[in-house]
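This report goes through selected local features of one protein model. Please look over the sequence and the structure before reading on.

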Amino acid sequence: MSTELQPLVIHLHSEGYERAYQALTLALTSKALGQPVTVVVAFGALRALSEDRLGEPLPGPDLWCARRSEQVGTLPVTKLLAEARALGVAFVACETVVKLSGVDEELLEGRAELTSLVDIVRVQQRGQVIYL
């Protein structure tokens, strides 16, 4: 019996603090436990990643949670993102979604690898999927 862990694919569509924090902490923890992890960034999260503002809080509960996070001493999203990259979490974006989102492909260099939806689905078929 194989002990190889199934890949985890996390789809992140929102640019706000709560979802970015959740996606990155799940990615980091899973990767640290030996699971292959891919974060698929799309739409708002994709635009925010390309502009170095992923995880900036949105007005309302998202802002409250970000402020509370500072009070309790959790790592900021920027640090979580850097640690995820350092551990080898893959960040990808669907080529079509990049075009739909109006993101310049050059802005994604070093941030997310462009890939096809077919390749994303192939990874999903072998593992676990979370949508945030």
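Is T115 buried or exposed? The model is a predicted one, and in it T115 has a relative accessible area of 12%. The residue is therefore buried, since the cut-off for that class is under 20%.

## T115 and its surroundings

T115 belongs to strand β4, which covers residues 113-115. Its side chain is joined to the side chain of D119 by a polar contact of 3.4 Å.

When residues up to four places away in sequence are not counted, T115 touches V92, A93, C94 and E95, and also I120.

## G44 in helix α2

Helix α2 runs over residues 43-50 and includes G44. With a relative accessibility of 7%, G44 is classed as buried, because that value falls under the 20% limit.

Which residues does G44 contact once its neighbours within four places in sequence are left aside? They are H13, S14 and E15. The C-alpha atoms of G44 and G16 are 8.5 Å apart in space, while the two residues are 28 apart in sequence.

## The aromatic pair

How many aromatic pairs does a search of the whole structure find? The search finds one. Y17 and Y21 form this pair, with 5.6 Å from centre to centre and 25° between the planes. The pair is classed as stacked, because planes under 30 degrees apart count as such.

Both residues lie in helix α1 (residues 17-32). They are four residues apart there, so about one helical turn separates them. Y17 has a relative accessible area of 6% and is buried. Y21, at 23% relative accessibility, is partly exposed, because its value lies between the 20% and 50% limits.

## The largest pocket

Rolling a probe the size of a water molecule over the atoms shows where empty space is left. The largest pocket has a volume of about 190 Å³.

Its lining includes L49, D52, R53, L54, G55 and E56. P76, V77, T78, L81, R85 and R111 also line this pocket.

Definitions and conventions
Residues are numbered from 1 along each chain as its sequence is written. This is a predicted model: local features need pLDDT of at least 70, side-chain atom pairs count only at pLDDT 80 or more; totals for chains, interfaces and linings use all residues. Side-chain values use heavy atoms; hydrogens and water are left out. On a 1 Å grid over the protein atoms alone, a cavity is a set of points where a 1.4 Å probe fits but cannot get out, and a pocket is an open set with protein on both sides within 12 Å along at least five of seven lines; lining residues have an atom within 4 Å of a point. Grid points are joined across faces, edges and corners, and a volume is the space filled by probe spheres set on the points. Helices (H or I, at least four residues) and strands (E, at least two) are DSSP runs, numbered from the N terminus. Buried means under 20% relative accessible area, exposed over 50%, partly exposed in between (1.4 Å probe, protein chains only). A polar contact is a pair of N or O atoms within 3.5 Å; within protein, one must be able to donate a hydrogen and the other to accept it, and residues adjacent in sequence count only if both atoms are side-chain atoms. Contact means heavy atoms within 4.5 Å. Rings of Phe, Tyr and Trp (its six-membered ring) pair if their centres lie within 6.5 Å; planes under 30 degrees apart count as stacked, over 60 as edge-to-face and the rest as tilted.
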